[in-house]
Amino acid sequence: LKEPNMDRITLQSQLGTYRSPYEEENQFVADFLALTEDPLAYSRERTAGHFTASAWIVNKKRTHTLLTLHRKLGRWLQLGGHADGNENLLEVAMREAREESGLTSLQFVDTHIFDLDKHIIPERPHVAEHFHFDVRYLIEADLQEPLVRSDESISLAWVTFDAVIDLIGYNPSILRMLEKTSTSEILR
């Protein structure tokens, strides 16, 4: 299954019309739009910050989300990663979801942006502190399909919506995606 085309122009168009009920998310849009003009926007070579893509993976009944205990960051997060030069962020999100979960039942619920988050990545050996401009997509998967954890994860688990906050603590961007999934009828 080939992911729909998502190029720089399509991303600019989606960002130009993107509206969120969350003010903190709306504040990111101008920064994301400005970044689309940078030739290095999709590359780690842009050391101040660059695009990443994530998959907010849920089951069809919208009772669980798939989270990974990220090895480098030591936190429970949605699956995702670097674009590494690929301007099709839909492909990036799906590639990362497949690589990090082993799931084959993954399907986009919608090819429009589900969520945006600009967050700081702390300095590590050989990597300066920088921003990730994370474009997130809503993806469904079969809850019964076996998971295959990648080396990027310490753990990988389907988590019930009501247990997410107990697992992750206070993470506004994950709680925002959880709330969007729980309250939006259009996504069901």
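Q: Asp84 sits on a predicted model, in the loop between strand S4 (79–82) and helix H4 (89–101). Why is Asp84 called partly exposed?
A: Its relative accessibility is 47%.

Q: What makes Arg62 buried?
A: Arg62 has a relative accessible area of 6%, and buried means under 20%, so Arg62 qualifies. Arg62 is found in the loop between strand S1 (49–59) and strand S2 (64–70), and its phi is near 60°, a positive value in a residue other than glycine.

Q: The structure holds seven aromatic pairs. Why is the pair of Phe28 and Phe32 called tilted?
A: The planes of Phe28 and Phe32 stand at 50°. Under 30 degrees would be stacked and over 60 edge-to-face, so this pair is tilted. Both Phe28 and Phe32 are buried.

Q: How do you know that Phe51 and Phe133 are edge-to-face?
A: There are 70° between their planes, and the label needs over 60. The centres are 6.4 Å apart. This pair links distant parts of the chain, with Phe51 in strand S1 and Phe133 in strand S7 (residues 130–141), 82 residues apart.

Q: Why is Phe51 called buried?
A: Phe51 has a relative accessible area of 0%, under the 20% cut-off, so Phe51 is buried.

Technical notes. Residues are numbered from 1 along each chain as its sequence is written. This is a predicted model: local features need pLDDT of at least 70, side-chain atom pairs count only at pLDDT 80 or more; totals for chains, interfaces and linings use all residues. Side-chain values use heavy atoms; hydrogens and water are left out. Helices (H or I, at least four residues) and strands (E, at least two) are DSSP runs, numbered from the N terminus. Buried means under 20% relative accessible area, exposed over 50%, partly exposed in between (1.4 Å probe, protein chains only). Rings of Phe, Tyr and Trp (its six-membered ring) pair if their centres lie within 6.5 Å; planes under 30 degrees apart count as stacked, over 60 as edge-to-face and the rest as tilted.
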